[in-house]
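Colleague: Could you take me through one part of this model slowly? I would like a close look at a single site and its surroundings.

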Number of protein chains: 2
Amino acid sequence: MKNKNKKTVMSPAPSSVQKRKLIPKKTITSIEKNPEKLESEEVVKPSLSCVRRLPSYLQLLRALQADGHEYVSGTVLASVHHLAPVIVRKDLAFTGVTGTPRIGFQVTELIAAIERFLGWDNQNKAVLVGVGNLGSALLGYHGFENFGLQIVACFDNDPMKIDTWIRGCKVHSLDQLPRFIRRSHIVLGVLTVPAEAAQKTAERMVESGLLGIWNFTSVKLAVPANVVTQKEDLAEGLAVLSHRMQHVSKTLAIQQ
Amino acid sequence: MKNKNKKTVMSPAPSSVQKRKLIPKKTITSIEKNPEKLESEEVVKPSLSCVRRLPSYLQLLRALQADGHEYVSGTVLASVHHLAPVIVRKDLAFTGVTGTPRIGFQVTELIAAIERFLGWDNQNKAVLVGVGNLGSALLGYHGFENFGLQIVACFDNDPMKIDTWIRGCKVHSLDQLPRFIRRSHIVLGVLTVPAEAAQKTAERMVESGLLGIWNFTSVKLAVPANVVTQKEDLAEGLAVLSHRMQHVSKTLAIQQ
DNA sequence: AATATATTGATATAAATATATCCATATGAA
DNA sequence: TTCATATGGATATATTTATATCAATATATT
Ligand SMILES: NC(=O)c1ccc[n+]([C@@H]2O[C@H](COP(=O)([O-])OP(=O)(O)OC[C@H]3O[C@@H](n4cnc5c(N)ncnc54)[C@H](O)[C@@H]3O)[C@@H](O)[C@H]2O)c1
Ligand SMILES: NC(=O)c1ccc[n+]([C@@H]2O[C@H](COP(=O)([O-])OP(=O)(O)OC[C@H]3O[C@@H](n4cnc5c(N)ncnc54)[C@H](O)[C@@H]3O)[C@@H](O)[C@H]2O)c1
């Protein structure tokens with residue numbers, strides 16, 4: 001805290017005058033003939049992997065914040081998640097935050113930046129359709145509220161379930177969906193109906209005005225271009241697990 | 001079926017004598033100094049993305065089989081999953097199957113190959129630890145049996161739950177786990193306890209002899225090197241969904 | 001029989017993603 | 001003060017993954 005407003009007094013070379021570009025840019029590698037992309041620079045979108053990593057940073061940052069930490073270095077974030085520090089720095093750059101050398105990033109600022117970047121800065125409300133095994137579990141789970149998602153209503157077509165309460169949530173008839181959506185300005189839906197009903201139900205959700213569907217069924221949904229779907233396929237993870245286990249046991253068998 | 005044993009009679013150039021390498025190989029690009037990798041060729045492992053795609057092929061193949069189809073082309077598999085046909089062909093090559101030009105792949109053979117490749121050719125039995133909201137849903141779900149997984153027993157530490165039946169499965173005390181594992185030669189466990197209990201419970205599972213943990217908690221587990229863990233993090237998918245929705249709505253706003 | 005066509009498997013190229021390297025900078029230690 | 005060090009940001013390189021291209025081939029068509 002000695003001299004706060006000194007700014008690179010020591011740097012002698014004029015080369016240091018170059019402006020620091022915050023967000024990485026893509027340099028044209030091949031002969032770019034697309035007339036749309038005439039500029040020599042183009043803003044690079046974050047990779048899918050980057051977007052997937054952000055929530056894990058967020059979670060750790062919240063813990064650090066609760067623990068009273070004001071700053072955290074990318075190195076620390078990296079080591080916890082077994083990532084290379086460069087990856088973390090690059091990921092964070094996409095959110096627009098700037099760290100300070102030797103210090104790191106301001107925890108609070110970083111949390112806000114990631115939340116803003118992912119659209120989690122104000123809680124997104126959602127409906128859930130299909131209050132069965134999985135649907136009930138998701139309904140009763142409030143962990144997603146840390147990730148910008150709050151399920152506020154649920155729908156089913158089983159007469160036995162309609163108007164009953166499940167996990168503190170009244171089950172509505174699916175027929176009520178359009179009116180509810182229109183009234184509440186909700187854009188996100190969670191789909192947990194059986195596979196056979198998935199496509200048809202998704203269409204009703206879209207007609208009702210939903211713009212995003214978090215799809216837990218095994219069906220690849222066909223939806224209009226303005227609707228985003230995200231399929232959560234547990235079989236994928238299971239495949240990775242099985243494959244890795246095979247590999248490990250094979251490796252051990254060779255070693256022994 | 002005219003002349004079965006003709007082998008490239010028409011090919012005149014000696015260049016065509018080159019043997020057809022079935023599985024793709026990696027060509028050394030950079031100056032490879034690692035003495036372990038002196039050979040100019042090395043068997044390429046399937047990418048993680050490839051492993052994740054295989055279950056979706058499998059699912060479609062089963063439907064085709066049930067429908068009486070004997071052959072299927074990579075092109076068809078690709079179009080259903082909105083993938084480029086090359087990707088499918090490459091993915092399938094890893095399983096060791098060979099297709100025939102103009103015909104495609106034999107459905108039954110392909111199913112068997114994928115199952116073998118993923119270690120799903122004989123049903124893997126598993127235990128589930130933490131019979132709460134999510135655990136119960138998974139217990140009651142028999143869809144994983146299509147993907148080589150069968151949950152055969154469940155464990156909890158809540159005295160109120162022990163010895164009750166949930167979804168047709170008797171809840172055992174966690175203390176019983178080691179003996180059960182040893183008796184039944186099970187190697188896989190599903191972890192659905194609260195985050196706070198995750199690491200400790202995982203350790204008990206490992207001590208009991210499990211070699212793989214399908215982890216549904218938000219905790220990154222620390223386990224010995226011979227144990228494989230697969231973390232299922234729904235927040236990742238939610239992040240992708242949120243990010244895409246932001247992008248779409250931004251794009252539409254610009255267009256309008 | 002000759003030709004056209006869909007398809008596979010191999011190879012080549014491109015694109016995306018991860019990693020290495022370097023410099024500037026803020027802090028603490030000598 | 002001077003120096004060493006950890007760190008962020010930029011750029012360069014390497015690696016991984018996806019896509020394009022093409023010869024070979026099995027079937028259908030003319
Ligand atoms: N349970 C799991 O652990 C699990 C795991 C992975 C994937 N899934 C998938 O999640 C989906 C639901 O699984 P589940 O085990 O909860 O099934 P479930 O049968 O327990 O629940 C389905 C619910 O949807 C309702 N429903 C059926 N048709 C409907 C329609 N047309 N409109 C509205 N509601 C309708 C049913 O009344 C029921 O309440 C399935 O597609 C399944 O493949 C489940
Ligand atoms: N419910 C969901 O939809 C959902 C979604 C994503 C992730 N998760 C994660 O799954 C886990 C479980 O969630 P849930 O909603 O089912 O919670 P839950 O509280 O309903 O269930 C937890 C179960 O674990 C048992 N348990 C607690 N400590 C234990 C221990 N030491 N040993 C054995 N059993 C123990 C409890 O008795 C309870 O039955 C959590 O880590 C949660 O973050 C849940």
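Which side-chain N or O atom of chain B lies 3.0 Å from an oxygen atom of ligand 1?

Modeller: Happy to! Please keep in mind that this is a predicted model. The residue you are asking about is B:Tyr141: an N or O atom in the side chain of B:Tyr141 is 3.0 Å from an oxygen atom of ligand 1. Ligand 1 is surrounded by residues from chains A and B, so the site is shared between chains.

Let us look at the surroundings of ligand 1 next. There are 22 residues around ligand 1, and A:Asn133, A:Leu134, A:Asp156, A:Lys161 and A:Val193 are the closest. The backbone of chain A takes part as well: a polar backbone atom of A:Asn133 is 2.9 Å from an oxygen atom of ligand 1, and a backbone N or O atom of A:Val131 lies 3.4 Å from an oxygen atom of ligand 1.

Now for ligand 2. Residues from chains A and B surround ligand 2, so this site, too, is shared between chains. Among the 22 residues around ligand 2, those that come nearest are B:Asn133, B:Leu134, B:Asp156, B:Lys161 and B:Val193. Three of these residues can be followed down to single atoms. A polar backbone atom of B:Asn133 is 2.9 Å from an oxygen atom of ligand 2, while for B:Leu134 a backbone N or O atom lies 2.8 Å from an oxygen atom of ligand 2. B:Lys161 uses its side chain, with a polar atom 2.6 Å from an oxygen atom of ligand 2.

Helix α5 of chain A and helix α5 of chain B, each covering residues 133–140, have axes that come within 8 Å and cross at roughly 170°. An angle over 145 degrees counts as roughly antiparallel, and therefore α5(A) is roughly antiparallel to α5(B). On the α5(A) side the contact is made by A:Asn133, A:Leu134, A:Ala137 and A:Gly140, and on the α5(B) side by B:Asn133, B:Leu134, B:Ala137 and B:Gly140. These contact residues comprise four nonpolar, four polar and no charged ones.

Finally, how do the two chains relate?

How values were computed. Residues numbered from 1 in each chain as written. Chains lettered and ligands numbered in written order. Predicted model: local features only at pLDDT ≥ 70, side-chain atom pairs only at ≥ 80, totals over all residues. Heavy atoms only, no water. Axes fitted to C-alpha atoms, helices over the stretch in contact; angles between N-to-C directions. Helix = DSSP H or I, 4+ residues; strand = E, 2+ residues; numbered from the N terminus. Parallel < 35°, antiparallel > 145°, perpendicular 65-115°, else oblique. Contact = heavy atoms within 4.5 Å. Nonpolar A, V, L, I, M, F, W, Y, C, P; charged D, E, K, R; others polar. Near = heavy atom within 4 Å. Polar contact = N/O pair within 3.5 Å; in protein donor to acceptor, adjacent residues only side chain to side chain.
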